[in-house]
Amino acid sequence: MIEAKNVNFYYGNFHALKNISMQMEANTVTAFIGPSGCGKSTFLRILNRMNDLIDDTHLAGECLIDGQNIYDKSVQVDELRKKVGMVFQKPNPFPKSIFENVAYGLRVNSMGDKSFIAGRVEESLRGAALWEEVKDKLKKSAFELSGGQQQRLCIARALAISPSILLMDEPASALDPISTSKIEELMYALKQKYTIVIVTHNMQQAARVSDKTGFFMLGELVEYCDTKKMFLNPDKAQTQNYITGKFG
Amino acid sequence: MRRLKRIAERMVEGLLTLSGGVTSLAILLIIIFLFKEGLGLFNSPNVEKGYSLCVNSSNEIVRLNPLQIKNIFDYEVSNWQEVGGADEEIMPFRFDEIFSQYSDEELGEDYALLPQRLSEVIAKHPNIIAFLPQKYTPKDEASVKVLPTKNISFADFFGGKEWLPTATPSPLYGLLPLLLGTLWVSIFAILIALPLGLGVAIYLSELATEHAGKFLKPAIELLAGIPSVVYGFFGLVVLVPLVQRSLNLPVGETAFTGSLILAIMALPTIITVAEDAMRNTPRAMREASLALGATHWQTIYKVVVPYASSGISAAVVLGVGRAIGETMAVLMVTGNAAAMPRSLFESVRTIPATIAAELGEAPAGGAHYQSLFLLGCILFVITMMVSISAEVISKRQYSKGV
Ligand SMILES: Nc1ncnc2c1ncn2[C@@H]1O[C@H](COP(=O)(O)OP(=O)(O)OP(=O)(O)O)[C@@H](O)[C@H]1O
Ligand SMILES: [Mg+2]
């Protein structure tokens, strides 16, 4: 379970997130929607402390995962990130072979021997619906894949270390409809084991895959409720307008 | 208006093409000039120009190589047997000795009788070997045999273990001591500078606080701008005595001292180029690694360094290039003994130092002069090989994506 309590986030003086409080239950899919620049990625990156890398940023409030404040001094960031996997907005495979890309997380965390790694790589590639396309060229550079294949490789890479939470920042923005539906099916299957948070600009996608949806605007969480309610009968007029495309 | 713009664009284009062409042509001409002058060495006789070597006609010897000639006149070889002749003591004879044996009258007006007198001397001593100007060489074939001169061969140059370009009668142009001197000094310089430079580059790009970086970077760039003669001076005054005292050596001017000073000089280049390469590793790569639970350090050596590998090999090439070509500082601290180096802690001489030290005293167009150009060619070939291999390495790494 993920819980944010009065989270405020600043890039320098810029107040990017304002007083965000929300809870995400285990084994659910939560979607974040909202206009560009409203802070969806920023909030997602708070959940695996990716924003720590950016200089001159500042966080106030609490962020708990399974009851543990992840910004507590005692938390080991690399252990946290092992548990909270992330797929980025732009595909970012390593300049390594396809196999090594997926094996990377296993190797740096010294998880398992050679045969275990080989098995897990195949499993993860199957999980990301990429296995059939790459099984004969695992030794080839990941850069030889198409953009959509690269994104699925990045998903496989995140799956390989079996995180319990998976953060996905517009994972389907570079994909064709077929790959997109594969990813959506995948999310449905993954829900059994993982807690998933996904950012998307595609309303249909949010409606299809998520259990709950949060609508962000200008750094604020305007509305957060069950997806069905959000799309059928939102409380706020702003939400209604955004979803129906009246502004954005 | 439109047309004017198009004409101007054409002109700029032409100008750029022209300057590119001129530059390429200039480079080509320089290389051709270098090799033409250098290869001229192999058309020079192996005995000093204008002189010949004569022996008594009873001597069975038919030819001598430059090293043998040098050893004979240095009294290091004293028996004909050692150079393939009879078991007799060699009697080296230099041209000026004739003036102590005969008076001016006996040599005749304008030394007209000199060849005859020389012929007498040679006839009198069956074991003599005489080094004479061709002008006065006796034509008397009954008693005097002129040894044929050969051109300096590839083997003399590339296999020669002695560099004595001013030795008479037979100068020696052996590349090996200089080549080895260069390689020793450069290789050890790189062995010192590379780990240190990469370490500092990693520190600067990954670990240093903004504050430390702000101070260190300009300081390092400043180091790159110091002229090499200043480094040489520093080396001479500080490093040479330091090396001598701390290692308890007879002299401080050693290959090791040269390597040290070169390492110091190559460091700023290696650091700046490698740091830039690592800093250019996209943030997305680092984030991808960290998001998979890799530690900062794992991210550095598994992602940042491999990603920057082509930039890092560029740093290595620039460093090696600087080390191999560096002249002044090395000239000042290595002692410049043109002997085969046997240990790091002996005096050596490098190719660039040799060129710098000797070009002034080598008469233009002579064999010595040509040999220095040939050294330049060798240097050129070495640096070219270094950059080609770096290119190959970084290309292969990139295309393999490993
Ligand atoms: N590294 C950064 N430094 C400074 N400001 C930033 C940085 N990253 C994001 N911001 C600012 O924070 C705000 C939120 O950015 P964020 O990337 O979270 O938006 P987003 O909702 O993900 O948008 P998109 O849908 O376009 O991805 C934006 O106004 C952006 O300009
Ligand atoms: Mg975003």
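**Notebook: charges, cysteines and surface patches**

I began with helix 2 (residues 77-83) of chain A, where A:Glu79 and A:Lys82 are three residues apart and therefore separated by about one helical turn. Helices here are DSSP runs of H or I with at least four residues, strands are runs of E with at least two, and both are numbered from the N terminus. I note that this is a predicted model, in which local features need pLDDT of at least 70, side-chain atom pairs count only at pLDDT 80 or more, and totals for chains, interfaces and linings use all residues. Residues are numbered from 1 along each chain as its sequence is written, chains are lettered from A and ligands numbered from 1 in the order in which they are written, and side-chain values use heavy atoms, with hydrogens and water left out.

**Salt bridges**

I found that the side chains of A:Glu79 and A:Lys82 form a salt bridge, at 3.7 Å from N to O. The term requires a side-chain nitrogen of Lys or Arg within 4 Å of a carboxyl oxygen of Asp or Glu. Side chains of opposite charge can pair when their charged atoms come close. A:Glu79 is partly exposed at 41% relative accessible area, and A:Lys82 is partly exposed at 22%. I use buried for under 20% relative accessible area, exposed for over 50%, and partly exposed for values in between (1.4 Å probe, protein chains only).

B:Glu358 is buried at 6% relative accessibility, and B:Arg349 is buried at 13%. I also recorded one network, in which salt bridges with shared partners join A:Glu122, A:Arg126, A:Glu132 and A:Lys135.

**Cysteines**

How many disulfides are there over all chains? My search of the whole structure gave zero, a disulfide being a pair of cysteine sulfur atoms within 2.5 Å. For A:Cys63, the nearest cysteine sulfur belongs to A:Cys38 and is 17 Å away. A:Cys63 is buried at 1% relative accessibility, and B:Cys54 is buried at 0%.

**Surface patches**

I looked up a positive patch formed by B:Arg2, B:Arg3, B:Lys5, B:Arg6 and B:Arg10. Patches take residues with over 30% relative accessible area and no salt bridge, joining like charges within 9 Å and nonpolar side chains (Val, Leu, Ile, Met, Phe, Trp, Tyr) within 5 Å. Lys and Arg count as positive and Asp and Glu as negative, while His and the chain ends are not counted; the place of a charge is NZ of Lys, CZ of Arg, CG of Asp or CD of Glu. B:Lys5 lies in helix 1 (residues 2-39) of chain B and is exposed at 57%.

A nonpolar patch of about 430 Å² is made by B:Phe233, B:Phe234, B:Leu236, B:Val237 and B:Val238. Areas come from the Shrake-Rupley method with a 1.4 Å probe; for residues, only the protein chains shown count as cover. B:Phe234 belongs to helix 9 (residues 228-247) of chain B and is partly exposed at 38%.

**Positive phi values**

I noted A:Arg49, not a glycine, with a positive phi near 55°. A:Arg49 sits in the loop between helix 1 (40-46) and strand 4 (57-65) of chain A and is buried at 12%.
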